[in-house]
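Q: Here is a protein model. Please go through the labels used for it and say what each one rests on.

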Amino acid sequence: MFIPKSSNFVVHSAVVYGHKHRSITNSRVNNFLDDGQWKDVNIQAVLYDLRVSGSPHINLEVWSAPGQDRPTFEHAVKQKFRPTHQGESFGPSWTTHWFHVTVQIPKEFAGKPVQFLFDSNSEAMIWSADGEPLQGITGGGGDERHVDYLLTRKATDNEGIREFYVEMAANDLFGNGDYHQHPQDRAIYYNLSTVELVAPNLDAWALYHDLEVIVEMAGRLPQDSARSWQALKAANAMVNVFDHRNIDTIAPAREIAEQFFSVNGAHTRHQVYAIGNCHIDTAWLWPFAETKRKSARSWATQLQLMDQYPEYKFAASQAQQFEWLKQNYPGLFARIQDKAKSGQFIPIGATWVEMDCNLPSGESLARQFLLGQQFYQEHFDETCKVFWLPDTFGYSSQLPQIYFFTQKLSWNNINRFPNTTFRHCRPGELIDSEHNHKDIVYTNESMLLYGNGDGGGGPLKAMLERLRRMADTDGLPRVKNAHPNEFYEHVEKTATELVSWKGELYFELHRGTYTSQSNNKRNNRQAEFLMRDVELLNTVAKASSFGLYDYPMEAIRKLWKQVCLNQFHDVLPGSAIGMVYRDSDKIYNEIFTIGDALRKRATDFLYGDVVAKAPEDMSAVLLVNTAAWMRTDIIAVPELPLSLLSKAGANVQIRRKDGAPLVLATNVCGNRAQLLDPAQTTEFHSSPVKVYQEGDDFVLENTMVKVTIGHNGRVKSFIDIREDRELVPEGAQGNVFELYDDVPLYWDAWDIEIYNLEKYQSLPGTDITMVDKGPLVASLIVRVPIGDTSVLVQTITLTAISPRLEFDCHIGWHENRKCLKVSFTWDIHSDVATYETQFGVVQRPTHRNTSWDMAKFEVCGHKFADLSEYGYGVALLNDCKYGYSTLENTMTLTLLRSPKAPDENCDMGPHVFRYAVFPHKGTFAESTVVKEAYNFNVPLLHLPANADRFSMKGGMAGAAHPYFSLSNAPNVVLDTVKAAEDGSSSFVVRMYEAYGGHAKALLTTALPAMKAEIVNILEGHVSDLEWLPHSKSTAIKFKPFEIVTVKFSI
């Protein structure tokens, strides 16, 4: 029993009763803290000594900004304010209201700390009269509530008038109400329920925090442990000592707490490294514009806490949010820089945003790190050692091999992830941190993040108070404030035999994010490939002109920032509200407009002497192949004049749907421009493709394959003529549309559940007709009704030059919680299917033998999935889809979903997408599937040209050699060409091994270069390469799936 040393405290028999009636005593001490039924006689009754509201103590005026404007402080304070008062409501949702506050602290408050309480049941920011953001406010109920602002630590008896402003946002911490139940565009008005001056009793608050910790220890420690009983007895004794009518009883109650906390445990106890954190979704249930204010509100609050708690350390990620802060709140950003120097404010994360790791391309992931680390280096004089990603929906196996933090894998809904040391602030959480620590055999340390997140806010004062009490008391793990680097470096130094995990960290939840908001995903894919073209062509223009061409470095960097912004882990996956996608559409439109202009600027510089200035000047087509390999393709050239059409013969075909001339482009060299004169091109000698009808079926046939399409639009037969092999098993079909019920357990836009596969309907096509009939292209059009209001129109195409069968889809989608898939069943048997991921592939099971196999019933793939057995395989390609499944010998591509939360209009409306099947001889590792998927996504560029002016003048138009080429390594892909980040004339080439094998590649460039070196993604030197000046080449060795970046210096 704990007895105060300096009191006449008498122990009553209630302690003995507590021993016999634990649950009753536990309820008693919890009720003592509760702000409810008993608040007039428990600790709540003494938390504030004084409280006033209204005039003359507080005077309020308000100005409401028009529409959804978010005006600056400078603009707002110049407006005409009107009187207002506590109890008035403000809205509608997403509007902004500025309050001018004048305060006169009463004389009765002299000698006491004084707080201003402001609860608008929404988010708000306190501003000083001279325009400095001081502190964020989170109104309403719940654990996130934070409505107090400290005016003075000790008032005088002659306080002057204080003046400041409050910027109120008409939204709460998590947007605009329950998104599961209500549309987020609805109009809500938020009530200004509290505007007060209060004098908190600091001793009473300290007692409150003491009891919070002790009571929770009593409830969460093992019930038969001595320390749990000690906690319960101490709490009960504190309640017995306290009398709300006599504040002098607070001190003896606190003495009991001090004696309890002073009992230290063994030094070998589990060690917790506590890090304050404020995860702020860059957009989710609120738009980007609101995130800019959320960051300011949250971080201003944390700076205040740092002044009060010098031991406190707080980590914040996402360079994009720091850049917004620097632009919009320069004074606050400067204060953060100061706290970063002192070690309390820790910029972390390494990336531009906390991005999704499933859907972005490999180069996009590289740019996340490049942009993020550049910002941290420039503004905080350091690069991050820890990749911080606590809340994303899956993790690529190609993530850079640097320290990595996440907690999301603990959300798995089928299997528990077996390791925890990758890894709010209460005793129970410290206890859980040890109990849930699955690597305790190897290391006795774990990391604990605490603080309100997703919508921002961060740690509260109460959390820091609890942390101080829990630092080193028996019954709990030891806990210390720490920098994340300290934790990881200590584990690396002291842990024994830490386990490793090979391959992807597959997240067994949120599988619907591979598909939701499909148009947004299509924009992402197109933006990534546009940026690839923009950088390649502008780099060639710069390097080949010896400095005459002005490389648009800042414009390109801005575009990449926009691409990376839209890859935030609630935007690209499709789990945000509708207004976020209206914003992202605007951003993508800007990317496409500026990106197209930058690409045209480069091609004009490179090929300006060749490009036809007017239609009558056109006598040829200039082809630009931005892929690094030779390709043959059929392209549409709408601007081709009739004079050339009449001379082209079998090399040109008129497309039926739009009258565009289709031109055969043969053996176009990789990374080079090449002239195509339809009138002089060698006559097309290959047999033409043809389409014809056999009974109710339709046949598409060229020299390589013969495909039979049934009257319902499904593939009944797919014969590889070269191999004399039927690919469709008897009784099976391909191109089968299936409409599934799509009602997940909870997370609507996020999840596809395995039970959905049990309930679906097959959708036959109708109204099939022949359209194009050769010689270059043959096609069919199929109409597929879906439900009562949705219709898909599909063009099925086979060309004369490839075994690839293409499906071009246009759909008006108006379903409710349905999921549309298309499936192909092949006469191919393998235990694994291969899916493209960033800079490589990952193999996943085609069976469901174990729960780990079953969990992968829906997986992420990029441009292709491949099913191969010994000697043969088929790839399923796409131009904007990411959700795949392969069960036994059936491959499925998920096309569209129709969830209703958080965006009630998700995916409603028109969609355009393409997919294709590509049969190939040999296994995947022996195939050209990777290049075929690039070709399907990256069309040849073409420009109207004048053949007589085809020369070297003005650029590389007539270059005899490719800008870049790779030889001796068909398994290596040259993915990216860009200008070096150092601002010099140097340029960078990024390659990767794509199939999982070793290689030695010879990289050659036609551009001027004097030196080659391997650099990392941040373009720091790694090692020198041997440069062969006569051949302008260098040899590079690759390990399986290795990413290699080479910097060329001029």
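**Labels and their grounds**

Q: Which residue in strand 23 stands opposite Ile 654?
A: Pro 661 in strand 23 stands opposite Ile 654. The model is predicted: local features need pLDDT of at least 70, side-chain atom pairs count only at pLDDT 80 or more, and totals for chains, interfaces and linings use all residues. Residues are numbered from 1 along each chain as its sequence is written, and side-chain values use heavy atoms, with hydrogens and water left out.

Q: What makes strand 22 and strand 23 a pair?
A: Three bridges join strand 22 to strand 23 (residues 661–668), and the two run antiparallel. Two strands pair if DSSP finds at least two bridges between them, so three bridges meet the condition. The strands themselves are DSSP runs of E with at least two residues, and helices are runs of H or I with at least four, both numbered from the N terminus.

Q: Why are strand 21 and strand 22 called edge strands?
A: The open sheet has three strands in the order 21-23-22, with antiparallel pairing. Strand 21 (631–636) and strand 22 (652–654) each pair on one side only. Neighbouring strands of this sheet are turned by 25° against each other on average, direction ignored; the axes are lines fitted to C-alpha atoms, for helices over the stretch in contact, with angles from 0 to 180 degrees between N-to-C directions.

Q: Why is strand 26 described as largely enclosed?
A: Five of the five residues of strand 26 (residues 697–701) are buried, so the rest of the structure largely encloses the strand. Buried means under 20% relative accessible area, exposed over 50%, and partly exposed in between, with a 1.4 Å probe and protein chains only. Asp 697, Val 699 and Glu 701 are buried on one side, and Phe 698 and Leu 700 on the other.

Q: How is strand 26 paired with strand 25?
A: Strand 25 (residues 690–694) and strand 26 pair in the antiparallel sense over five bridges, and Lys 690 stands opposite Glu 701. The two strands form a hairpin with two residues between them, and Gly 695 in the turn has a positive phi of about 65°.

Q: Over how many bridges does strand 26 pair with strand 27?
A: Strand 26 and strand 27 (residues 705–709) pair over four bridges, again in the antiparallel sense. Leu 700 stands opposite Val 707, and the hairpin joins the strands through three residues.

Q: What makes the pair of Phe 99 and Phe 118 edge-to-face?
A: The structure holds 54 aromatic pairs. The ring centres of Phe 99 and Phe 118 are 5.4 Å apart and the planes are at 70°, so the pair is edge-to-face. Rings of Phe, Tyr and Trp (its six-membered ring) pair with centres within 6.5 Å; planes under 30 degrees apart count as stacked, over 60 as edge-to-face, and the rest as tilted. Phe 99 lies in strand 5 (residues 96–104) and Phe 118 in strand 6 (residues 114–119), so the pair ties together parts 19 residues apart in sequence. Both are buried.

Q: What are the values for Trp 747 and Trp 750?
A: Trp 747 and Trp 750 form an edge-to-face pair at 5.1 Å centre to centre, with 70° between the planes. Trp 750 has 2% relative accessibility and therefore counts as buried.

Q: How do you know that Arg 844 lies over the face of Tyr 835?
A: Arg 844 is 5.1 Å from the ring centre of Tyr 835. A charge sits over a ring if NZ of Lys or CZ of Arg is within 6 Å of the ring centre and within 35 degrees of the ring normal. The charged end of Arg 51 likewise sits over the ring of Tyr 48, 4.8 Å from its centre.

Q: Why is Cys 880 too far from Cys 809 for a bond?
A: The sulfur of Cys 880 is 9.5 Å from that of Cys 809, which is the closest cysteine sulfur, whereas a disulfide needs the pair of sulfur atoms within 2.5 Å. Cys 880 is buried, at 2% relative accessibility. For Cys 860, the closest cysteine sulfur is in Cys 357, 11 Å away, also too far for a bond. The structure holds zero disulfides.

Q: Why is Arg 848 called partly exposed?
A: Arg 848 has a relative accessible area of 32%, so it is partly exposed. Arg 848 is in the loop between strand 38 (840–845) and helix 18 (851–854).
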